[in-house]
Amino acid sequence: MATHATMPTRRRSQARTPERHGHTALAWAMPLALGVIVGFWAFFINRDGGATTGGQIWLGVVSGVAFAVLCYALVQVRWALPRELRAAAFGALTGGAVGFLSSLNGNSVLTSSAIGLALAVGMSCVMFYVYYTRED
């Protein structure tokens, strides 16, 4: 008859090196890629199939740079924040970006705010769950 036994675990023979949060290539590459996506998205929404103008290009560049800078700043300070505030910050960044892009689509301020708020709450809940289940 089989019995339940605890399996032995491996132990590390070397001391763990401290982790360096936010100092990898991904710490700047991901905000840059997301900023490019948001910038192009804003440009194409504002263009609406018409001719390209300088104002549309500047709108895409400025919104992409602003989002990339905010995302990079959040990535740099995220480990200094408690998990609740960190999740709320990621939710606010996501909700603000989607609300802004929704307003460019011609929606009213109330509709754009509701869409941004709904996504901000959803992203905050998801990020809190991720941080709560993966941290000590």
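Student: How do the axes of helix 1 and helix 2 sit, in distance and angle?
Tutor: Helix 1 and helix 2 have axes that come within 7 Å and cross at roughly 150 degrees. Axes are lines fitted to C-alpha atoms, for helices over the stretch in contact, with angles from 0 to 180 degrees between N-to-C directions. Helices (H or I, at least four residues) are DSSP runs, numbered from the N terminus.

Student: What should I know about the model and numbering?
Tutor: This is a predicted model, where local features need pLDDT of at least 70 and side-chain atom pairs count only at pLDDT 80 or more, while totals for chains, interfaces and linings use all residues. Residues are numbered from 1 along each chain as its sequence is written, and side-chain values use heavy atoms, with hydrogens and water left out.

Student: Parallel or antiparallel for helix 1 and helix 2?
Tutor: Roughly antiparallel, therefore; the label applies to angles over 145 degrees, with under 35 being roughly parallel, 65 to 115 roughly perpendicular and the rest oblique.

Student: Which residues of helix 1 and helix 2 meet?
Tutor: Among them are Trp28, Gly35 and Phe43 in helix 1, and Ile57, Gly64 and Tyr72 in helix 2. Contact means heavy atoms within 4.5 Å. The residues of this contact divide into 14 nonpolar, 8 polar and 1 charged. Ala, Val, Leu, Ile, Met, Phe, Trp, Tyr, Cys and Pro count as nonpolar, Asp, Glu, Lys and Arg as charged, and the others, Gly among them, as polar.

Student: And how do helix 1 and helix 3 cross?
Tutor: The axes of helix 1 (residues 26-47) and helix 3 (residues 83-104) come within 9 Å, at roughly 20 degrees. The two are therefore roughly parallel to each other. Val38, Trp41, Ala42 and Ile45 of helix 1 make the contact with Phe100, Leu101 and Leu104 of helix 3. By class that is 7 nonpolar, no polar and no charged.

Student: What about helix 2 and helix 3?
Tutor: Their axes come within 10 Å and cross at roughly 170 degrees, and helix 2 and helix 3 are therefore roughly antiparallel.

Student: Switching topic: which elements give two or more residues to the lining of the second largest pocket?
Tutor: Helix 1 and helix 2 (54-77) do. Leu32, Phe40, Val61 and Ala68 are among the lining residues. The lining has 8 nonpolar, 4 polar and no charged residues.

Definitions and conventions:
On a 1 Å grid over the protein atoms alone, a cavity is a set of points where a 1.4 Å probe fits but cannot get out, and a pocket is an open set with protein on both sides within 12 Å along at least five of seven lines; lining residues have an atom within 4 Å of a point.
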